[in-house]
Structures are given as structure tokens and as C-alpha cells.
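Thank you all for coming. Please have a look at the chain on the screen, and I will then walk you through a few places in it.

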Amino acid sequence: MRADRPDARAVVESVADPTTWEPWTPAAQPESVVTGCARIHGRPVALVVSEFGVAGGSIGATAGARIVDAVRTATARRLPLLALPASGGTRMQEGTPAFLQMAAITAAVTEHREAGLPYLVYLRHPTTGGVFASWGSLGDLTWAQPGALTGFLGPKVYEGIYGEPFPPGVQQSDNLHRLGLIDDVFDVADVRGRVDRVLEAIDPAGRSVRQPGRSTRRATPASDAWAAVVATRAAGRHGLAELESLLGAVTVAGDGPVRVCLARFGGRPTVMVGQDRRIQDDGRLIDAAALRVARRAIALAVGWRLPLVSVVDTSGGELSRAAEEAGLARQIAHCTAELLAAPTPTVSVLLGQGTGGAALAMFPADRVFGVADAWLAPLPPEGAGIIMHGDVGRAAEMARSQHIWVRDLHRLGIVDEVVEDLPGVVDAIDAWIAGGVRADRAGRVRVGQ
């Protein structure tokens, strides 16, 4: 057994609590997948684990039926499901009937997710073909083994068809993580702890993970809209990272200007998605890929029936040819639409800067809070000055005249409550969510009077 290809038994032993494995498939019938239930840090979890040593982990009729049965059993028992594939894809010896098993598995996984149950995927080396293009790519969260071959068309097949090797490094888990297609890469030995942290974070009865001593530096009060703009651009100003730290949040997706984490507000598990201004200040601006991360957060909150908190703090979306060709405007539109349509309770926090479509995409909510020096505008004041007067030097004048400051937005009824600092943000959201809130789509569109 190669070190990078532990067999199914070794994988189960590394993930499950000792002596808790309950197989759902007969041990006397070797196949390319084993299924069953085990406890992970005391929680029951259904497992689907590929056995690469049997036909390269390929999926035929029997293996496909096993997976479908396991997924449906997990759904019926209301268990979270963890899949750990390692497979070359469809079993060629069985042809089209095996190929169509991927659709049957996809249907079962879709039903599981529609039941509000977590589906977690850890891609092992290698995961390719129809497995990667079906149940290997449907995870609410998707992780992978470092350096794992993860791709649609196997490199051997590609070279045989086209007479040249596939470009190196493309079909690799680390590359897909860099592109945002995989949420994280880590060793199989760490799967157990990662699953525990996620399931603990979304468990209604889970323990609080907030950090003690929730002190943070209070911002200098802004005297008007331009002073607020200046304050929110200051180096060292509090941001998303400090808010995550206060909450003891568990990051689950995104390592760029937009991140998704799990936190607890008002005693309830909550999905939080936020914009990190420091990463943007370092040059990684909000682009189409970053807003796809935000849309993932909306989908998680909806799928897991959890409240959603969105944190707005952006100097604006990326302005470049690459951003245009990647469909930044389309992602802004879809993110805004999905946030407005989400059937789960939503909260937005105007934490600092709120510039342009990148801010709008994450702003509408049932309840809107704003930090005292935050602001929201279609363009930065300098850009507004260029449009109105052809002069960036009139930025302060534009800031004061466009109703961008959070206190003006509160007077207009666009922001529900102004808070002074990060602990105030946390306390305000706690109180609202603890009050047994319900989603109110009608309340998400506010234009003021």
C-alpha cells in the first residue's frame, strides 16, 4: 500500500472514533467502495470510502448501488455524510450502465442536501473521471489531499488521445485550491479534526467558541461623512479578521478578499461571509471569483437552514480587463439576487468602506447594522467628483452631499441601527437573532425617503 494511497480500512480508522465503525456493506464481498456509519468525536456520521485497490476505485453497478443506498440511509437517519473518494471514475468493463450510476448517485446526494443535511467531501489521490464530475464535486465543503491528482480526464487517457502529456500541475488539488474550486488541502490524518470543528460549529447544541476578553480599540468618532471616509481608510483599523477572532469563527471557504466562516450569534449557528479590506489593500481586490465565494456562503446558509451574516468592507471591485472578461458584473447581479431571495434570516453589517457593486452584492438584508464611521456609496467620493465635476479634489464635498455616511443612512431608514465598535456589532446581532427572527424579503430592499 502506497503512503499516498491508504486503503479504505486505514482511512476509516484515521477518521472514526475507535470501535464505532458500523459497516453497511458485506465484508465478504470486496468492492471499490465501503460504506457505513461511525462516530467522529462522538457524533454519528455516515461514510462513503473508496477502495482504490479494487479496480482502481472505479464505480460499476454494484459499487454505485452501494453508494446510493448509503446516501439514502444517511438521509433517512438524518446523518451528516462524509465522502472520501479515490477513483479513476467509471468502470470501463461495464460500459454505459456503470457510467449512468453517476447520475443515480448525484440524485441521491442532491436529495440528502435538500434535506438540510451536510455533505462533506475529502478528495484522495487520485480522484478523476465521472467520480470527480459527480459526487466528488457536490460537497457543501470540499477538501483534498495535498498533491492529489484531481481532474476530469485522466492524464494517461489524454496523452493517448492527443499524443502529448497533459500540462503539468493543472490537475492537482493544490492548483484547484488556488483557483477556489477546493476549499482546503490537508493530510488525511487531519480530516477527523476538521469534520469535528464543522459539525460542532453548526450543531444547535454545540459549545460556544467565543474568545474571552472581547475588547477592541474604539474608533475615533467621525464628525461627518468625509471624516468617516478618511477613518475607514486608516491603517490598522479593525476589520473582518478582528470580528472573526472575537467570535472564535471557523473559516470554511475563501482565503482571498472574501471569506466564509461559521460562527454563533444569539446562541444559534450562523454562516458569516465577509470582505477583508486588508487583503484588498494588499492588491487582491474583489473579483468574480471572490463573489462566487460569497454566493457559496448564501447557498450554505440556505442549505443548512442557518441565519446568514454578511460583512461589507470594500474599496470596490477589481477594475481590469480580466475582471470584465471573468464576468464581475454578472457575479454582482447574481450575488445580490440570491441574497435577496434567500429564505433564511439575513443580517448585513456595514463595517467600514462600502464602495460600488462589490458592496451592493452583500448589503441587502432583513436587518442592517452599521459601525459609526462606515459608509456606502456607488463610487468612492473621488470617482463621484470626477463624474460630477471632472475633479477628484472635490471628494470631500461629494461625500457630504451624497448621503453615504451610516448616520445619514440610519436617518433615511436604510440602516436599522448604528453601533460604535466590534463588540457592539456582536451584541446587536446576538440580540436580533436571539429574538427568534424570521426571513423578511420585503425588508431587504430599502432606498430611503
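Is Ile161 buried or exposed? Ile161 counts as exposed because its relative accessibility is 57%, where buried means under 20% relative accessible area, exposed over 50% and partly exposed in between, with a 1.4 Å probe and protein chains only. Before I go on, please note that this is a predicted model, in which local features need pLDDT of at least 70 and side-chain atom pairs count only at pLDDT 80 or more, while totals for chains, interfaces and linings use all residues. Residues are numbered from 1 along each chain as its sequence is written, and side-chain values use heavy atoms, with hydrogens and water left out.

Let me turn to Trp143, which is buried, with a relative accessible area of 2%. Among the residues that Trp143 touches, leaving aside those up to four places away in sequence, are Leu120, Tyr122, Phe186 and Val198, a contact being heavy atoms within 4.5 Å.

Now to salt bridges, where a side-chain nitrogen of Lys or Arg is within 4 Å of a carboxyl oxygen of Asp or Glu; by this rule the count comes to 27. One of them joins Asp17 to Arg192, with the closest N and O atoms 2.4 Å apart. Asp17 lies in the loop between H1 and strand E1 (22-23) and Arg192 in helix H8 (residues 191-202), so the pair ties together parts that are 175 residues apart in sequence; helices (H or I, at least four residues) and strands (E, at least two) are DSSP runs, numbered from the N terminus. Asp17 counts as buried, at 13% relative accessibility, whereas Arg192 is partly exposed, at 22%.
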